[in-house]
Amino acid sequence: MKKTFYLSSLFAAMLLVACGPQQDKSVSTDNKVVAVPDSTIAQIAKDAYLYGLPLVLMDITRLQMTHPDNEAIYKPVNQFRHNSFFPDASFKNVVRPNADTYYSIAWLDVTAEPLVLSLPDTKGRYYMMPIMDAYSNVFASPGTRTTGNKAGNFAIVGPQWKGQIPAGIQTIQSPTNIMWIIGRTQVNSKADGAKVVVPLQSNYKLIPLSAWGKPYVAPADKTPSFTMPKGDPNEIVKNMPVDEYFNYVNQLLAQNPPPIADKEALEKFATIGIGAGKKFDFSTLSDETKAAFNNAAKQVFADFAAEKTVAAKLVNGWNLGRPVIGTYGTDYGSRASTAFFGLGANLREDAIYPSCYFDAEGNALSGANKYVMHFDKDKTPPANAFWSLTMYDPEGYFIANDINRYTLGDRSNLKTSADGSVDIYIQKDKPEKAKEANWLPAPSGDFNLLMRAYWPKEQMLAGSWIPPVVQKIK
């Protein structure tokens, strides 16, 4: 991410003298008027927009998933919803859903007291319980890779909590009181899911600390006091007026105090009225300054659109992803981009997600063509847990097809060639019988591919293994 110049209120005032009044615009911040050039306003607004985007997307998703009107994915706060099926093409609540694991999802609020996450012995079955703060950073990831497969109990506490945790319970401190768990348990087949995974899910528990060691029944649903935002969270944000967006950010910053490391950035944002509890008053701004804010928001999404297809970043036509994912520090651009393209992304050590929009010749992938991906013998994605290749539409959702197949991978009984290699056929129409097992159905129009490698091996983490090209069949 490019280094940006963090503009303090004092420096903004100095610019008024240096640049001359005719080049400056006044921005009201907590009853103080700070003079800032439009070009500087645009850059600060863009940086602030990127900074706040994960907060907003996380909160919209939280509201949608904890409102009973959204019956398909609903569960109250501090309770698990266990999905014992794979999403289909109608699922639009989270971009880039997977068809490899059963999800165990919960939104947490530990403002009142800690919660104990109780996990069973999974008998060797791979699982993970990544926990994200309100900014979408993964700050803990209990599971096979980190804590093993034996039973364990974890007390999840908020940033300000002080108290005693019973012996035998490991403490996990969250940077924010609001959190999101997106647990995943490996599923090898529909029968395997019913026989092995569903019983495991029933033993993933969230229990208030005050109820630990006592009989506990989760409280009944209550009528929520909020209105559920409707639609694709990304589209909701893209269509949100900029003043509404920044006031939403200000509200969320107050509810989820940012870390000390963000102090410099927040001082910069404060010069244009963005900060915890502030009121962003768009009506007081000149038309030119309003345009600077609006253009900054548009530029964010234009950059996102360009980012996924920047040829310079591609290897064999694949974008191998950012080196920073899951936890971002002060790399706010990576955090925002990841939230937009794949909210809920894991740590690289837990999963790597190469994506592909182009064939070997640099042309956009389209169902008008037929493609093949060829893996030499023993050269499929190196993963300690499993790997898969999933088809998505341009917006990042599954594509309806006659056989309801959205992914292929190492649990798909792929047919190997005589030399031990594996070919995956990517096309709209059903191929000949001998190739059907290795067929990933495509739509008639544009599509893209996402590879997942759970618990990737070192050669994948180091970049010494790269996906093969998607070759157009002529």
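A charge counts as sitting over a ring if NZ of Lys or CZ of Arg is within 6 Å of the ring centre and within 35 degrees of the ring normal. All the views below come from a predicted model.

**View 1. Arg-411 sits over a Phe ring.** Here Arg-411 lies over the face of Phe-386, at 4.1 Å from the ring centre.

**View 2. Arg-96 sits over a Tyr ring.** The ring is that of Tyr-392, and Arg-96 lies over its face at 5.5 Å from the centre.

**View 3. Phe-398 and Tyr-406 form an aromatic pair.** The structure holds 28 aromatic pairs. In this one, the ring centres of Phe-398 and Tyr-406 are 4.6 Å apart and the planes are at 5°, so the pair counts as stacked. Both residues are buried.

**View 4. Ring pairs build a cluster.** The members linked by these pairs are Tyr-49, Tyr-245, Phe-246, Phe-280, Phe-282, Phe-293, Phe-301, Phe-304, Phe-340 and Phe-341.

**View 5. Strand S20 is mostly covered.** S20 runs over residues 422-427, and six of its six residues are buried. In a regular strand, side chains alternate between the two faces of the sheet. In S20, Val-422, Ile-424 and Ile-426 point one way, while Asp-423, Tyr-425 and Gln-427 point the other way.

**View 6. S20 pairs with S17 and with S21.** Strand S17 (residues 371-375) joins S20 in the antiparallel sense over five bridges. Look for His-374 opposite Asp-423 of S20. Strand S21 (residues 439-441) pairs with S20 in the parallel sense, over three bridges. There, Gln-427 has Pro-441 of S21 as its bridge partner.

Note on methods
Residues numbered from 1 in each chain as written. Predicted model: local features only at pLDDT ≥ 70, side-chain atom pairs only at ≥ 80, totals over all residues. Heavy atoms only, no water. Buried < 20%, exposed > 50% of the residue type's maximum accessible area, 1.4 Å probe, protein only. Helix = DSSP H or I, 4+ residues; strand = E, 2+ residues; numbered from the N terminus. Pairing = 2+ DSSP bridges. Phe/Tyr/Trp six-rings, centres within 6.5 Å; stacked < 30°, edge-to-face > 60°.
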